[in-house]
Amino acid sequence: MRVAIIGGGISGLSAAFRLEQARRGGPDLRYTLFEASDRLGGVMRTERVEGCLIEAGPDSFLSEKQSAAELCRELGIADQLVGSNDAHRRTYILVKGRLVEMPDGLQFMVPTKLWPTITTPLFSFGTKLRMAREFFASPHTANGDESAAAFVERHFGAEVVDRLADPLLAGVYGGSAERLSVRAVLPRFLDMEARYGSLSRAMLAAMKSRPPAANGPRPIFTSMKDGMQQLVDAVVAQLDPDAIRTGTRVKALGRETSQWIVLPDEPASNIETQLAASQRRSKLRLYEEFDRIIVATPAYIAAGLLRSVEPHLASLLGETNYSSSVTVALGYAAAGFDGRGAKQDDGFGFLVPRSEGKRLLACTFVHNKFPHRAPEDRLLLRVFLGGSHDPGVLQIPNEEILRIVRVELRQILGLTAEPLFSRIYRWERSMAQYEVGHLERVAEFERLRSGLPGLALAGNAYRGIGVPDCIKSGLDAAAEALRS
Ligand SMILES: Cc1cc2nc3c(=O)[nH]c(=O)nc-3n(C[C@H](O)[C@H](O)[C@H](O)COP(=O)(O)OP(=O)(O)OC[C@H]3O[C@@H](n4cnc5c(N)ncnc54)[C@H](O)[C@@H]3O)c2cc1C
């Protein structure tokens, strides 16, 4: 059996890893991973600059989602997992130009502790009253999908949407609470509402019933000692080098009887090698045949590839919106760091609600969030810009992005120090937007796909945007290819 994987981000790599394991167990399987760019890992990329570890894309994953840690165990690198420094886990929100600490007991956006909620300057008196009333809400089963904003507003009011839900969801999806589907992005909250009515009561009940972890509470985020690239490298090290074709963009897919046709845009050097091998030009094959195909690219690329195979599926996939983002890493000498406001030594960073009128969406104090990300005498900040409300940021030249970031960091943190270095990474159309009706659309993708035996879809456009979800999507796609 021959399997093609299109896309060498973590989704495609996870699929390749599972196929490689199967190949070692049985000689009848061959797979080829096509990756358009010259490197593997997609948005997962780590760099070291002046002793600092910089994540260009994801910096970690949620510890409670097991697929990533499980993959690390299979790869034999579980000892390289590192938990976030949760003793420093304070997050600030910018409110009217001032950084306000998120009150203790806030679970995502649900208050679970009375006194910190009463005393926090994060919410107005009206919102606090609303939170108190929410505690007595009756069970309610949602009728269809709605936006995350509408759902949160129903429970806690518009201020919580503006100051918490929107910035938190922008941090995860680069999207807006008004457009994201509550069923897709906050499914646990829907269950809580159906059972308890009040999210606060449900959260307290969940916390009470959770058995205490044997080794104390699990850190909320997990990363790799040498950064997320370490996971990519560990997967790649397990793969058959002959099965990997970097620098090879797939232009189109086709289907002939039960075979899948892959039309790769080979780099000239590969074609020359093939030509030399075949001696005669007539023998040169510009397409390849496979029994199974795993498309692990963003949905809009999958749409283009599948257009001539299944136009209806292609057009639905093409309707998936994506947001773009820019991450900027800035290294400072600890001695010269003159920030005030959120103390650089006691938090994970801050979020900026849209109502504050800034371009910055969030800033992470990297040196606090994970151990050994910066030498003792350095501080490392990472800021995020873009998202669905600011697609234009991608068009701004680097010097201007840096200027904007420094102006806003001065306004927010009072930080005037000159960074020792900076790095800017642009991620165009990288985050799928799970808009209202998303789960129905995914069910429709599945229905249409079932008419195309041998095709599997993986990636962040379907059942989860985070690294563990993408790993799971790749592993599941490989399992399906092996099963069918
Ligand atoms: C800035 C940023 C920060 C993030 N932070 C976090 C985080 O902290 N935690 C977390 O869990 N998640 C985070 N995410 C989300 C998560 O990292 C991604 O959803 C996930 O890594 C996507 O992996 P993927 O393999 O599906 O897609 P990608 O990484 O986008 O890989 C797709 C690959 O397909 C290739 N490709 C495209 N077209 C073709 C073609 N025609 N032929 C061949 N190859 C092609 C591309 O070159 C690319 O390598 C973040 C994402 C971004 C962008």
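This is a predicted model: local features need pLDDT of at least 70, side-chain atom pairs count only at pLDDT 80 or more; totals for chains, interfaces and linings use all residues.

Reader: OK, so is F34 buried or exposed?
Author: F34 is at 1% relative accessibility, so it counts as buried. F290 counts as buried too, because its value is 0%.

Reader: How many aromatic pairs are there?
Author: Eight in the structure. One of them is F34 with F290, edge-to-face, with 6.0 Å centre to centre and 85° between the planes. F34 lies in strand β2 and F290 in strand β15, so the pair ties together parts that are 256 residues apart in sequence.

Reader: Which residues do ring pairs link into a cluster?
Author: F108, F151 and F189.

Reader: And charges over rings?
Author: K369 has its charged end over the ring of F221, 4.5 Å from the centre. R429 lies over the face of Y300, 3.7 Å from the ring centre.

Reader: Switching to the ligand: how many residues surround it?
Author: 33, and the closest are S11, E35, S60, I465 and V467. By type, the shell has 15 nonpolar, 15 polar and three charged residues.

Reader: Which atoms of I465 lie by a ligand oxygen, and at what distance?
Author: A backbone N or O atom of I465, 2.6 Å from that oxygen. A side-chain N or O atom of N460 is 2.9 Å from an oxygen of the ligand, while a backbone N or O atom of A36 lies 3.0 Å from a ligand nitrogen.

Reader: How much of the ligand's accessible area does the protein cover?
Author: 89% of the 1000 Å² that the ligand has on its own.

Technical notes. Residues are numbered from 1 along each chain as its sequence is written. Side-chain values use heavy atoms; hydrogens and water are left out. A residue is near a molecule or strand if one of its heavy atoms lies within 4 Å of it. A polar contact is a pair of N or O atoms within 3.5 Å; within protein, one must be able to donate a hydrogen and the other to accept it, and residues adjacent in sequence count only if both atoms are side-chain atoms. Accessible areas come from the Shrake-Rupley method with a 1.4 Å probe; for residues, only the protein chains shown count as cover. Ala, Val, Leu, Ile, Met, Phe, Trp, Tyr, Cys and Pro count as nonpolar, Asp, Glu, Lys and Arg as charged, and the others, Gly among them, as polar. Rings of Phe, Tyr and Trp (its six-membered ring) pair if their centres lie within 6.5 Å; planes under 30 degrees apart count as stacked, over 60 as edge-to-face and the rest as tilted. Helices (H or I, at least four residues) and strands (E, at least two) are DSSP runs, numbered from the N terminus. Buried means under 20% relative accessible area, exposed over 50%, partly exposed in between (1.4 Å probe, protein chains only). A charge sits over a ring if NZ of Lys or CZ of Arg is within 6 Å of the ring centre and within 35 degrees of the ring normal.
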